[in-house]
Amino acid sequence: QVQLVESGGGLVQAGGSLTLSCAASGRTLSTLDMGWFRRAPGKERELVSTFSRSGAVLYYVDSVKGRFTISRDSAKNMMYLLMNNLKPEDTAVYYCAARGTGNILYNYWGQGTQVTVSS
């Protein structure tokens, strides 16, 4: 079983930065594809960024390209999302997610961390 715990959310002004962290336990990152999702008020959950178990960055949603950077520290079993030049439309609950080998869907989820960007 994989446990994921996010941290680092908060309130920030537009143009500011935040770094989200996701602590994984139960399996090493080298056995998991991992990603960040977000759900804004009144909207569907959206995939923000992912990387494969090998550490290759696979995807950024267009709206965050050039502003967000996904990374991981395998030694600490941690994943990060550095968010720069934040915009009010980035306001959402951000979730860390993971899937094991052979899974199409992300089947492990954190509890979420709120990011609020004020204009």
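D62 is a friendly place to start: with a relative accessibility of 59%, this residue counts as exposed. Keep in mind as you read that the model is predicted. The side chain of D62 meets that of K65 in a salt bridge, and the structure holds six salt bridges. Three of them are set out here.

| Salt bridge | N to O distance |
|---|---|
| D62 and K65 | 2.9 Å |
| R38 and E46 | 2.7 Å |
| R99 and D33 | 3.2 Å |

Let's turn to R38 and E46, whose side chains also meet in a salt bridge. Is R38 buried or exposed? R38 counts as buried because its relative accessibility is 6%, under the 20% cut-off. E46, with a relative accessible area of 28%, is partly exposed. Through salt bridges that share partners, R38 and E46 are joined with R67 and D90 into one network.

Now for R99, which forms a salt bridge with D33.

Finally, have a look at a hairpin. Strand β5 covers residues 45-51 and strand β6 covers residues 57-60; the two pair in the antiparallel sense over three bridges. F51 has V57, in β6, as its bridge partner. Between β5 and β6 there are five residues, and in this turn G55 has a positive phi of about 100°.

Methods
Residues are numbered from 1 along each chain as its sequence is written. This is a predicted model: local features need pLDDT of at least 70, side-chain atom pairs count only at pLDDT 80 or more; totals for chains, interfaces and linings use all residues. Side-chain values use heavy atoms; hydrogens and water are left out. Two strands pair if DSSP finds at least two bridges between them. Helices (H or I, at least four residues) and strands (E, at least two) are DSSP runs, numbered from the N terminus. A salt bridge is a side-chain nitrogen of Lys or Arg within 4 Å of a carboxyl oxygen of Asp or Glu. Buried means under 20% relative accessible area, exposed over 50%, partly exposed in between (1.4 Å probe, protein chains only).
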